[in-house]
Amino acid sequence: MLIKDKNKRFKRLRELRKTPGKRYKRFREWQKEPHHVKPMSPEEHVCPTCNKRYVGNYCPRCGQSSMIGRYSFKNAFLLFIDVWGLGNRGMFRTIRDFFLRPGYMIGDYLRGMQMAYFPPFKMLFLICALGLLVDTGMNIKGINRFELYMQQEKESSEKRQASAQTDNSLTVTGKEASVIASKTIYDIENKAGENNQLAVLIALLLFSGPFYLLFRHCPAIPDLRFSECFVAMVYIVNMVLICTIIPSFFCFSFKAEARFDMVAALLAIIPIKQLSGYSYVGTVWRMIVALIPFGLIAFFLYFSVAMFVFISAHPELLK
Ligand SMILES: [Zn+2]
């Protein structure tokens, strides 16, 4: 009797130990499963606007949703967020899937499930707008963090210029050059900060070229198109940008924020792995290789802007 009891208890313990593994397995299966649309109810509706009788979610004549009934707080809230274009197309599902199955979600979107998810470019612009709001005052301290940051950059740029002026090892031209270089770096940073959506899109274009070359024959989507690759990148950038709003909102120090943003950018490995179907090792080395030309092009652009500013400040050099 006692032994039987013990055996039972052991069995239960063993099962308990297995449960987290089982749960994880079920979670992994759920992650890979595409989003299911509920079957349509056969219920007949009468459109309140045009009196048409129909079955389905929308009136075939005027397009009014069959969900519209009498006013409720839920309806009012949905209309309220619809002002910013957030009401339709699973905004909340997109955010949930962003965190739980980002790469698989992007795959679903690329395979044509467009109505199920929030469109990527619209999302990018909304997230950038939200990020700007948070940076310029909508945070827990209510301060303009962007201005504060640029103020700090200005001060350190001026410090660098001053130290170049007093550096006796430099010639006069050398002094001027380092002052201009320091100014140019500040100007570029300022411009990139003001037009951050554009900066993000340019950076994306630079990265997606080599990225596409390395991922176009990936196991999950063996005939990946460049346009699809670009859309996928926009989604991934959205994911990273959502994460980077967190430290701004909670007013981390700029150093801590930079570290947090780095980790957020590293998280991009997860959706890329899920989307491509490569292993983690396969994903990481391809991402690193894709970053090399990106770094070179970015450096070249930076260098040519600096040269342009320098030469336009010193036209006598060309004579
Ligand atoms: Zn109607």
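This is a predicted model: local features need pLDDT of at least 70, side-chain atom pairs count only at pLDDT 80 or more; totals for chains, interfaces and linings use all residues.

Here is the part I have in mind: helix α9, residues 226-249.

Analyst: Let's start with α5. The axes of α5 and α9 are 9 Å apart and meet at an angle of about 15°. Anything under 35 degrees counts as roughly parallel, so α5 is roughly parallel to α9. The crossing of this pair is left-handed. On the α5 side, the contact uses P120, F121, M123, L124, I127, L130, G131, V134 and D135. Facing them from α9 are V231, V234, Y235, V237, N238, L241, I242, I245, S248 and F249. Sorted by class, that contact holds 15 nonpolar, three polar and one charged residues.

Now for α10, which spans residues 254-266. Its axis comes within 9 Å of the α9 axis, and the two cross at roughly 160°. That is why α9 and α10 are described as roughly antiparallel. This crossing is right-handed. From α9, the residues that meet α10 are V240, C243, T244, P247 and S248; their partners in α10 are A256, E257, F260, D261, A264 and A265. The classes here are seven nonpolar, two polar and two charged residues. Notice that S248 turns up in the contact with α5 and also in the one with α10.

On to the core. The largest nonpolar core counts 28 residues, and α9 supplies nine of them, the largest share. Among the residues with the most contacts inside this core are A232, M233, Y235, I236 and V237, along with M105 and I106. Two or more core residues also come from each of α4, α5, α8 and α11. In general, nonpolar side chains of soluble globular proteins tend to be buried together. If you zoom in on I236, you'll find that it touches A268, P271 and I272, leaving aside residues up to four places away in sequence.

Eight of the nine α4 residues are buried, so α4 is largely enclosed by the rest of the structure. The buried ones are P102, G103, Y104, M105, I106, G107, Y109 and L110. Just past α4, G112 has a positive phi of about 115°.

One last stop is F250, whose C-alpha is 7.9 Å from that of K141 although the two are 109 residues apart in sequence. K141 sits in the loop between α5 and α6, and K141 counts as exposed because it has 10 C-beta neighbours inside 10 Å.

Key
Residues are numbered from 1 along each chain as its sequence is written. Axes are lines fitted to C-alpha atoms, for helices over the stretch in contact, and angles run from 0 to 180 degrees between N-to-C directions. Helices (H or I, at least four residues) and strands (E, at least two) are DSSP runs, numbered from the N terminus. Angles under 35 degrees count as roughly parallel, over 145 as roughly antiparallel, 65 to 115 as roughly perpendicular and the rest as oblique. A crossing is left-handed if the near helix is turned anticlockwise from the far one by less than a right angle, and right-handed if clockwise. Two residues are in contact if their C-beta atoms, placed from the backbone, lie within 7 Å. Ala, Val, Leu, Ile, Met, Phe, Trp, Tyr, Cys and Pro count as nonpolar, Asp, Glu, Lys and Arg as charged, and the others, Gly among them, as polar. A nonpolar core is a set of buried Ala, Val, Leu, Ile, Met, Phe, Trp, Tyr and Cys residues joined through C-beta atoms within 7 Å. A residue is buried if 20 or more other C-beta atoms lie within 10 Å of its own, exposed if 12 or fewer, and partly exposed in between; C-beta atoms are placed from the backbone.
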